[in-house]
Amino acid sequence: MDGSSVRRYHHVSLVGQYLGIAYDHSSPDQNRVHESDITRAIISITFSVMSLEAFANETAEDIFEGADLKAFFRLRGRFKQGEGSELVRKLAIIFSEKRFPPLDETMRQAIEAAVSLRNSLVHYKTADTAGISYLEPMRSIQGKDGSFMWGLDLTQKPLHIEHPFISRVTLEAAATSYNTAYDFAVTWCKLNNRGEPEGFKRL
């Protein structure tokens, strides 16, 4: 003993905190008149995925140690496997280590959809997320002097419109993302013979 002070760590889980924030901003039961729907949707979608990511990291700390834990966080070494987003791959590894049945395809796809939506919000790029109007091709127009030039009628009705990404960021999408995180929590609790998560409900 060298006289150094003893450190005792007090772990604080953020899984429930994040899920609660997601619920509060997507639930129709909550009176949030001071926030716009788009603000509520962005917050709920983001925190729904954050709750799943926090779960993956916190659970990994109970399963792995040292170099294995670092490798898991970075998906290196023996953890460099599987397909899909980092989150889905980490969840698959955890289920495998716990010898649980793998996530069913419906759950995997729902998580991937939530991750994709969250990533598009966090890494927003106007070139990838802008709306697009498809117009008639440019055509040759004869001028008064008899010469020809290419012209485009910007007043014409578009042939087809692709709505901007932000139009998908709705309270309905927020509820779907929250329900995905909630359904995962219920699945995990059942596999561990626990009751459903307290303080939450499906929307």
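Contact means heavy atoms within 4.5 Å. The structure is a predicted model, in which local features need pLDDT of at least 70, side-chain atom pairs count only at pLDDT 80 or more, and totals for chains, interfaces and linings use all residues. Residues are numbered from 1 along each chain as its sequence is written, and side-chain values use heavy atoms, with hydrogens and water left out. Helices are DSSP runs (H or I, at least four residues) numbered from the N terminus.

**Helix α3**

- Helix α3 spans residues 66-74, and L69, A71 and F72 in it are buried (under 20% relative accessible area with a 1.4 Å probe, protein chains only; exposed is over 50% and partly exposed lies in between).
- The buried residues of α3 fall within an arc of 165° when seen down the helix axis, so they line one face of the helix; the arc is that of the directions from the helix axis to the C-beta atoms.
- A67, K70 and R74 are exposed on the other side of α3.
- The packing partners of the buried α3 residues are α2 (37-63) and α4 (86-97).
- L75 follows α3 and has a positive phi, near 55°.

**Helices α2 and α5**

- The axes of α2 and α5 (residues 105-122) cross at roughly 120° and come within 9 Å; axes are lines fitted to C-alpha atoms, for helices over the stretch in contact, with angles from 0 to 180 degrees between N-to-C directions.
- The two helices α2 and α5 are therefore oblique to each other (angles under 35 degrees count as roughly parallel, over 145 as roughly antiparallel, 65 to 115 as roughly perpendicular and the rest as oblique).
- The crossing in which α2 passes α5 is left-handed, meaning that the near helix is turned anticlockwise from the far one by less than a right angle.
- On the α2 side, I42, I45, T46, V49, M50, L52 and E53 meet I111, A114, V115, L117, R118 and L121 of α5.
- This contact of α2 with α5 has 10 nonpolar, one polar and two charged residues (Ala, Val, Leu, Ile, Met, Phe, Trp, Tyr, Cys and Pro count as nonpolar, Asp, Glu, Lys and Arg as charged, and the others, Gly among them, as polar).

**Helices α5 and α7**

- The axes of α5 and α7 (residues 171-191) come within 10 Å, crossing at roughly 135°.
- Helices α5 and α7 are therefore oblique to each other, and their crossing is left-handed.
- M107, A110, I111, A114 and L117 of α5 make the contact with A173, S177, T180, D183, F184 and T187 of α7.
- By class, seven nonpolar, three polar and one charged residues form the contact of α5 with α7.

**Individual residues**

- L117 lies in helix α5 and is buried, with a relative accessible area of 8%.
- Beyond its neighbours within four places in sequence, L117 is in contact with I45, F165, R168, A173 and S177.
- N57 and L117 are 60 residues apart in sequence, and their C-alpha atoms are 21 Å apart in space.
- T46, in helix α2, counts as buried at 16% relative accessibility.
- With neighbours within four places in sequence left aside, T46 is in contact with R118 and L121.
- Q81 sits in the loop between α3 and α4 and is partly exposed, with a relative accessible area of 42%.
- Q81 touches R89 and I93, residues up to four places away in sequence not being counted.
- A separation of 9.8 Å lies between the C-alpha atoms of Q81 and A92, which are 11 residues apart along the chain.
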